[in-house]
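Hello,

Here is the structure we spoke about, followed by some notes on what turned up in it. Please read them with the model open beside you.

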Amino acid sequence: MHAPAPPTNLLNAPLIGRLLRWRWGRLFGQTLFLLAALLLIYDGFTGPPLAPENLASVAIWVHYRGFLIFALLFAGNLFCMNCPFTLPRTLAHKLSLAGWRWPRRLRNKWVAISVLMIYLWLYEWLDLWASPLLTVWIVIAYFIAAFILEALFTESPFCKYVCPLGTFNFVSSTISPLQITVSDGEICRTCVGKECINGSPQTLGCGTQLFAPQIQSNLDCVLCLDCARACPHDNVALTVRSPLKEATSSAPWPRRWDLNLLIIIFAFTGVGNAFGMVPPVYELELWLANLLRTDSEGLILFLIFAVLNLALPIGLSLAAAWLSRALAKRTEPLRYTLARYAPAFAPMAFAGWAAHYGGFHFLGSALSIIPVFQNFLLDHGIQALGQPNWALGPALPLSWLDPIELVIVLTGLAASLYALSHRARRAASRPDSPIAQLPWVLLLLGLAIAMMVVFYLPMEMRGSAFFS
Amino acid sequence: MPPLSRKLFVMFILLLALTACNGRNSQQTDNADIRIIAAVASTQVGQTELLITITDNAGNPINDAEVSVKGDMSHAGMTPVLAETSSGSDGVYKMPFEWTMGGDWIVNVEVVLADGRTASQQFNYEIAN
């Protein structure tokens, strides 16, 4: 009789497995990231004020975002794994200022969605990408926010409920090929200490309160591997899976408004963020400025992004859910219909961000860090790497970038359409007909077209106040 | 004051001190004796011509300078556009230049005179698509 091969457990792999299991493995990675963050903060404050010449702005807005995309696509949530912002956690816990529990009403994604929206709005309004100084203040704000929340609350609310980068990584990692699971569920059933979540005197348990044998999704997993180190039975595994496993899973997906709207909002923000840098947004700003008789760019951008990133995804997904439910002749609550199809949007959402950050900014500017670093060394009297060659920039010919972005978007669309039809076929009680899927298909097509139109428009990067 | 709080306080003060250091003037040397004026034929995306006029303080043209230009977009990571020339006539140095993208551009002009004196100046342009 054929038995399926057990999934590959990376924690058992020769070298990489030992490194991942190493007690100080995460601390080592976090320390490297912390040193990098300190270097960036230093250059942000003291280096050239011009963003393309400063390590902080180039490393964060080009390389961090680019590597993040590739890490999520080919491995998993590696940034959260090595996140330096949570490094002062032990110090914060030592202070134990309050020891509160995170308020029950806030144990959802609404705060995360709000913070992500505010972050994206500030990004455009303050032109963070054009200012090394503001960029490093954002980094410092992360450290402070993580520290305060860790000091005040007993669990890790910053990662799970607040951090906009974590929110980005959580949703994106639902299409990542690595996932925490357990080798033998029976061992967990009889386990007394449940150290993977509770921790032990020697090791931390899961900071985001995930119980390893019940993990069905990468959402909320920071890939810290504390669960693997804590498990006394050596039963936690880091397995390779299909990137579409979650999008096509027949396992019940939480029927929560916040989680499901987050995925669709995330897809729309991918378009909205790129739209902030193409000529039509400036025409729209002017039109709104005249209409509202205001010269407040902050207000105008707030209105634009409130519509693009919130009102539009929420309105359209509710309309699609209502129509889909009616066409399927179901009588279920609307959030059940939403939960059936929203996870299928994850590949499309990720594709939008990947095309923008990975395809355009990273591939178009990957080598720019070399002259910037050479310049940094020269400014500190170190001539070992010679004079900067400022002509270095693109990793690939610029003429390739548009086709690459197109391929990424179309791949995301194809994956989402596949996931959509898969989820429809496995719908509770009976499959949904193709006609019931139509509203979602149209929404996905609309998103893909919007992405392609925006990505094919000439970019116009304005770092000065529009109304100046 | 508890030791930990004191350490945090010191770290905060150090951070503020670092903030005050903003703006290392990367490899730039300004020279009050030399005037640099820049003009561009077009502020639309595409090929254009840069006209750099170099004079001394009295307005006398300087023709024997090496002029190099680096045009940056405001976004981090965008490849700059470089140009240079050493042939000026009546203090005016012409060089082809390309605005590769619309948006804010920061053009830095660096001048090295025959006697070794240097000067640099930054010019900002808003380029339309």
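**Aromatic pairs and burial**

A:Phe74 is exposed, because its relative accessible area is 60% and the cut-off for exposed is over 50%. Please keep in mind that this is a predicted model. A:Phe70 has a relative accessibility of 27%, so this residue counts as partly exposed. Both A:Phe70 and A:Phe74 belong to helix H3 of chain A, which covers residues 55–74, and they sit four residues apart, about one turn of the helix.

Searching the whole structure gives 29 aromatic pairs over all chains. One of them is formed by A:Phe70 and A:Phe74: the ring centres are 6.4 Å apart and the planes are at 0°, so this pair is stacked.

The pair B:Trp99 and B:Tyr125 has ring centres 5.5 Å apart and planes at 55°, so it is tilted. This pair links distant parts of the chain, 26 residues apart: B:Trp99 is in strand S6 (residues 92–99) of chain B, and B:Tyr125 is in strand S8 (residues 118–127) of chain B. Are these two buried or exposed? B:Trp99 is buried, at a relative accessible area of 0%. B:Tyr125 has 14% relative accessibility and also counts as buried, because the limit for buried is under 20%.

One aromatic cluster is made up of A:Phe33, A:Tyr64, A:Phe79, A:Phe85, A:Tyr142, A:Phe143 and A:Phe158.

**The nonpolar cores**

In soluble globular proteins, nonpolar side chains tend to be buried together. Which residues touch the most other members of the largest nonpolar core? They are A:Trp440, B:Ile52 and B:Val67, out of 145 residues in that core. Helix H14 of chain A (residues 257–275) gives the most to this core, with twelve residues. Domain 1 (10–240) and domain 2 (251–456) of chain A both contribute residues, so the core lies between them.

Apart from this core there is another, of 22 residues, including A:Ile180, A:Cys188, A:Cys231 and A:Leu238.

For B:Val67, the contacts beyond four places in sequence include B:Ile52, B:Ile54, B:Tyr93, B:Met95, B:Val109 and B:Val111. B:Ala83, B:Glu84, B:Thr85 and B:Glu110 are also among them.

**Two buried residues in chain A**

A:Leu223 is in the loop between helix H11 (195–198) and helix H12 (226–230) of chain A. A:Leu223 has a relative accessible area of 4%, so this residue is buried. Leaving out residues up to four places away in sequence, A:Leu223 touches A:Gly76, A:Asn77, A:Leu78, A:Met81, A:Ile180 and A:Leu238. From A:Leu223 to A:Leu39 there are 184 residues in sequence and 25 Å in space, C-alpha to C-alpha.

A:Thr337 is part of helix H17 (residues 334–341) of chain A. Its relative accessible area is 1%, so A:Thr337 is buried. Not counting residues up to four places away in sequence, A:Thr337 is in contact with A:Ala321, A:Ser324, A:Arg325, A:Glu332 and A:Trp440.

Regards

Notes:
Residues numbered from 1 in each chain as written. Chains lettered and ligands numbered in written order. Predicted model: local features only at pLDDT ≥ 70, side-chain atom pairs only at ≥ 80, totals over all residues. Heavy atoms only, no water. Buried < 20%, exposed > 50% of the residue type's maximum accessible area, 1.4 Å probe, protein only. Contact = heavy atoms within 4.5 Å. Core = buried A, V, L, I, M, F, W, Y, C linked by side-chain atoms within 4.5 Å. Domains from an automatic or database assignment. Phe/Tyr/Trp six-rings, centres within 6.5 Å; stacked < 30°, edge-to-face > 60°.
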